[in-house]
Amino acid sequence: MFKIIIPKYALKELQKIDKENQQFIFNKIKDLEAGIFTGDKALKGTHKGKFRKRAGNYRIVYLKENDILLITLIRIAHRQEVY
């Protein structure tokens, strides 16, 4: 089990999304908490060291900190505007 940290700005982004997609994103966040990283991709360039998880048309950008079982969500946004 990983500990998930969701900053206030990420929660605000999540609140702007419709309820159906919010539920889908919450399920993906639960996958992160359980340690399910299948299909996740490491980001390149200025976002090096961060990962992304697909949630339909939305992306969850997160940072896995060392191996201390801590995941910090960086952004939750539509795929066209997330990076």
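Me: Taking a nonpolar core as buried (under 20% relative accessible area, 1.4 Å probe, protein chains only) Ala, Val, Leu, Ile, Met, Phe, Trp, Tyr and Cys joined through side-chain atoms within 4.5 Å, which residues of the largest one touch the most other members?

Reply: This is a predicted model, with local features needing pLDDT of at least 70, side-chain atom pairs 80 or more, and totals using all residues. Numbering runs from 1 along each chain, and side-chain values use heavy atoms, without hydrogens or water. Of the 14 residues in that core, Ile 25, Ile 29, Leu 32, Ile 60, Ile 71, Leu 73 and Ile 76 touch the most other members. Helix H2, strand E4 and strand E5 (DSSP runs; helices H or I, at least four residues, strands E, at least two) each supply at least two residues of this core.

Me: And what's in the second core?

Reply: That separate core has 5 residues, including Leu 43, Ile 74, Ala 77 and Val 82.

Me: Switching to H1, which of its residues are buried?

Reply: In H1, which spans residues 8-15, the buried ones are Ala 10, Glu 13 and Leu 14, and they line one face because they fall within an arc of 100° seen down the helix axis, taking directions to the C-beta atoms.

Me: Glu 13 forms a salt bridge with which residue?

Reply: With Arg 75, the closest N and O atoms being 2.8 Å apart (cut-off: Lys or Arg side-chain nitrogen within 4 Å of an Asp or Glu carboxyl oxygen). The pair, 62 residues apart, links helix H1 to strand E5.

Me: How many salt bridges does the whole structure have?

Reply: The search finds 2. Asp 40 also forms one with Lys 53, with closest N and O atoms 2.9 Å apart, and both residues are buried.

Definitions and conventions:
Buried < 20%, exposed > 50% of the residue type's maximum accessible area, 1.4 Å probe, protein only. Arc of directions from axis to C-beta.
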